[in-house]
Amino acid sequence: MIAYIDGKLTYKDPTFVIIEVGGVGYQIKISLNTYAGLAEGERCKLFTFLHIKEDAHTLYGFSEMAEKNIFLHLISISGVGPNTGLMILSSLSVAEIQQAIVREDVRTIQRIKGIGAKTAQRLILELKDKLKKDVLVDQANVSFTPHNTNQNEALSALITLGFARTVAEKTLDAIIKREGNHLTVEELIKLALKSS
């Protein structure tokens with residue numbers, strides 16, 4: 001199993017990239033969310049999943065581990081293959097997928113191309129309990145931004161450092177309201193530690 005590929009991004013398309021590692025170019029299928037975060041010609045690291053069929057070996061790549069984890073949850077559902085999983089991740093962010101499933105929002109899931117009512121209901125039924133555990137942020141205060149994962153990582157780190165979850169969540173929310181959504185995980189943690 002190939003866990004990740006770290007190399008030079010030599011070609012970028014909305015549906016796939018080619019990353020060169022040691023003189024070998026790996027073609028990797030990606031979501032639009034991953035595409036938006038990549039700059040061509042730069043070194044990049046994608047977390048990967050290798051899908052093996054009789055007639056093809058296909059690599060799927062994700063800029064964040066959270067996106068890969070959601071993808072693995074999605075393709076574990078009968079009737080949802082890797083291409084459909086990628087379509088879901090191109091249509092909604094990781095946080096939006098989690099919220100739609102946890103809140104049993106069939107309508108949002110059905111808006112995705114190729115997802116019918118039965119598949120949407122199956123996704124909710126089979127993934128709701130699994131994803132409830134993964135949602136770190138208070139559902140009422142979730143902002144669907146790419147930096148939400150930075151907030152999640154900072155929250156995990158603060159809890160590990162001994163902060164109470166509610167205190168850490170309120171502190172991070174206050175920092176983001178004051179400073180904006182551009183902060184890195186490290187900056188969020190440092191500001192939270194200073195404000196405690």
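**Close-up views of the predicted model**

**View 1. Surroundings of L123.** In this predicted model, L123 touches L74, I77, V80, I88, I101, I109 and K128, leaving aside residues up to four places away in sequence, where a contact means heavy atoms within 4.5 Å. Apart from the core discussed in the next view lies another core, of 13 residues, including L155, A168, I175 and L188. Residues are numbered from 1 along each chain as its sequence is written, and side-chain values use heavy atoms, with hydrogens and water left out. Local features need pLDDT of at least 70 and side-chain atom pairs count only at pLDDT 80 or more, whereas totals for chains, interfaces and linings use all residues.

**View 2. The largest nonpolar core.** A nonpolar core is a set of buried Ala, Val, Leu, Ile, Met, Phe, Trp, Tyr and Cys residues joined through side-chain atoms within 4.5 Å; buried means under 20% relative accessible area, exposed over 50%, and partly exposed in between (1.4 Å probe, protein chains only). The largest such core has 26 residues, of which F71, L74, I88, L89, I109 and L123 touch the most other members. Two or more residues come from each of β5 (57-62), α2 (65-75), α3 (82-91), α4 (94-102) and α6 (117-134), with helices (H or I, at least four residues) and strands (E, at least two) taken as DSSP runs numbered from the N terminus. Because domain 1 (4-62) and domain 2 (67-141) both give residues to this core, it lies between them.

**View 3. Domain 1 against domain 2.** The chain is divided into domain 1 (4-62), domain 2 (67-141) and domain 3 (149-195), with bounds that come from an automatic or database domain assignment. The C-alpha centres of domain 1 and domain 2 lie 23 Å apart, and the contact takes 12 residues from domain 1 and 12 residues from domain 2.

View 4. Just after α4, E104 takes a positive phi of about 55°. R103 lies in the loop between α4 and α5 (106-110) and, at 46% relative accessibility, counts as partly exposed.

**View 5. D129 on helix α6.** D129 lies in helix α6 and is exposed, with a relative accessible area of 54%. From C-alpha to C-alpha, D129 and K113 are 25 Å apart in space, although they are 16 residues apart in sequence.

**View 6. The stretch at 136-147 and confidence along the chain.** The chain averages a pLDDT of 84, and 90% of the residues score at least 70, pLDDT being the predictor's confidence in each residue, from 0 to 100. Over residues 136-147 the pLDDT is below 50, yet beyond near neighbours in sequence this stretch has 27 contacts in the model. Where pLDDT is low, the predicted coordinates should not be read in detail.
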